[in-house]
Amino acid sequence: MLGAIVLLGAFATYALASSYLNMTPIGYTDLFEQISSGCSTNAPASCHNTTRETNLCCFEAPGGLILQTQFWDTNPSTGPSNSWTIHGLWPDNCDGSFRENCDPSRDYTDIAGLLTEQGASDTLAFMQEYWVDIDGQNEEFWEHEWSTHGTCYSTLEPSCLPSGSPKGAEAVAFFQTVVKLFKTLPTYDFLAQAGITPTTSKTFTLSTLTNALKDATGVTPALNCDGSTLNEIEWYFNVKGSLIDGQFVPIDAPSKGSCPSSGIKYPPKSGASPTTTSVSAAVPSRQRCIRMLISPTGGSGSLPSKGTIHASTTGGLLSTGTWSTQTLATYHFSGTTSSFTMSTSKGDCGVSDGQLRCGSGVSASKFSAVTSGGNLLLSYSGSTKFSSERAPSGTDEETVYTDDSHSETYTLSIVAS
């Protein structure tokens, strides 16, 4: 049985949360009773090791860039009017790429029952108010967050748990940790402390919002918008030790997110509340944690009609689909972020024998794009990882492979032009 956690009340106050965020790193052992990982927190933080770590029960890898994501839903509204709500806790890789759905054998259902059976009913009660789906399908939302992201944490592998732990104990620990971390991040209060509250009569600049959040926490998060309307925040961390009881080290977001530099709307929660539907209903129309924006045109994060493709390390793609540091080619995109084709002045782009090529006679392949840290990442067959034999320099052109099996790995970002 997982030990019952000791909650701080309906919501952590601004003062308490602010004090914890300004104490780097964040630890929970003094606040919460929970299962013990047996791991030390004296080792390097995730993504900051200088030698290869072999004990991945006590070192989070490869997903050591951790995002605590929150929503500001206004129509329909979700959660209390004076609080953002939980989206999830995502283990991105250190280079900004990510894995999903890592262990289908642990795609647990009936999360509410699992939490109740293992003594985490207080966690469940909090989730029912602060971790809610915009379509009212909370159970499917929680199941999706666990199966898509929770199963990818190395420190939550069942073999890492104490002997005799019940089935699903790692999922219970995941939900407990997400709730505990969220309680130290009252975004609404951070903004209100700087005089920024929801309004229909004014807009804000990105710097005004991020400066207020940095003043409160010491770090700058990423803010995402639906057009010009603020609707999501990403708080970034590395972790020392296990996700179960390790220390979360707050860090600046690697990119600014999708909000524009000015004219940002922060409306009050005035829409209708979501209606709860049966857990056995069809898959919700808005899968809350899939980072795919399906609008084909307009809005930050949507698929542009044309643009350049940049590598996360250096350079980007030329018109033949090769990787180079020379002037990047213009790519044309047709479709939506969930499925599109692309072409250049040389012709259609496709994948053959694991290699990306563009040119006449090439059969067009279907690609997708996902947002991560404000970047629109090119994806093929569900993976955002690409690789080459070596990094290019000068006039070199390197073949791009649609996997990470070669010595130089990277992600590819689509930048509108």
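This is a predicted model: local features need pLDDT of at least 70, side-chain atom pairs count only at pLDDT 80 or more; totals for chains, interfaces and linings use all residues.

Reply: Start with a definition: a disulfide is a pair of cysteine sulfur atoms within 2.5 Å.

How many disulfides does a search of the whole structure find? It finds six. Now number the bonded cysteines of the protein in sequence order. The pairing then reads 1-4, 2-5, 3-8, 6-7, 9-10, 11-12.

Take Cys57 and Cys160. A disulfide joins them, with 2.0 Å from S to S. The torsion about their S-S bond is -75°, and the link is left-handed. This pair ties together distant parts of the chain. Cys57 sits in the loop between α1 and β1. Cys160 sits in the loop between α4 (138-148) and α5 (169-183). The two are 103 residues apart.

Are these two cysteines buried or exposed? Cys57 has a relative accessible area of 21%, so it is partly exposed. Cys160 has 11% relative accessibility, so it counts as buried.

Next, Cys39 and Cys58. Their sulfurs are 2.1 Å apart, and a disulfide joins them. The torsion about the S-S bond is about -75°, so this disulfide is left-handed. Cys39 lies in the loop between α1 (14-21) and β1 (65-71), and Cys58 lies in the loop between α1 and β1. They are 19 residues apart, and the pair links distant parts of the chain. Both Cys39 and Cys58 are buried.

Stay in that loop for a moment. Ser40 is also in the loop between α1 and β1. Ser40 has 41% relative accessibility, so it counts as partly exposed. In sequence, Ser40 and Cys58 are 18 residues apart. In space, their C-alpha atoms are 7.4 Å apart.

Pro62 belongs to the loop between α1 and β1 as well. Which kind of peptide bond joins Ala61 and Pro62? It is cis, with omega about 5°. As background, most peptide bonds are trans. Another cis peptide bond joins Asn75 and Pro76, with omega about 0°. Pro76 is in the loop between β1 and β2 (85-92).

Cys349 and Cys358 are buried.

Asp353 lies in the loop between β11 (347-352) and β12 (355-358). With a relative accessible area of 72%, Asp353 is exposed. Its phi is positive, about 55°, although Asp353 is not a glycine. Most residues other than glycine have a negative phi. Asp110 is another case of a positive phi in a residue other than glycine, near 50°. Asp110 lies in the loop between β2 and α2 (111-117). Its relative accessible area is 44%, so Asp110 is partly exposed.

Why is α5 described as largely enclosed by the rest of the structure? Because 15 of its 15 residues are buried.

Helix α3 (residues 121-130) crosses α5. Their axes come within 10 Å and cross at roughly 60°. At that angle, α3 and α5 are therefore oblique to each other. The crossing of α3 past α5 is left-handed.

One more helix, α7 (residues 206-217), has 12 residues. It reaches 17 Å from first C-alpha to last, close to the expected 16 Å. Its buried residues are Leu206, Leu209, Thr210, Ala212, Leu213, Ala216 and Thr217. Seen down the axis of α7, these fall within an arc of 155°, so they line one face of the helix. After α7 comes Gly218, with a positive phi near 90°.

Methods. Residues are numbered from 1 along each chain as its sequence is written. Side-chain values use heavy atoms; hydrogens and water are left out. Helices (H or I, at least four residues) and strands (E, at least two) are DSSP runs, numbered from the N terminus. Buried means under 20% relative accessible area, exposed over 50%, partly exposed in between (1.4 Å probe, protein chains only). The expected span of a helix is 1.5 Å times one less than its number of residues. The arc is that of the directions from the helix axis to the C-beta atoms. Axes are lines fitted to C-alpha atoms, for helices over the stretch in contact, and angles run from 0 to 180 degrees between N-to-C directions. Angles under 35 degrees count as roughly parallel, over 145 as roughly antiparallel, 65 to 115 as roughly perpendicular and the rest as oblique. A crossing is left-handed if the near helix is turned anticlockwise from the far one by less than a right angle, and right-handed if clockwise.
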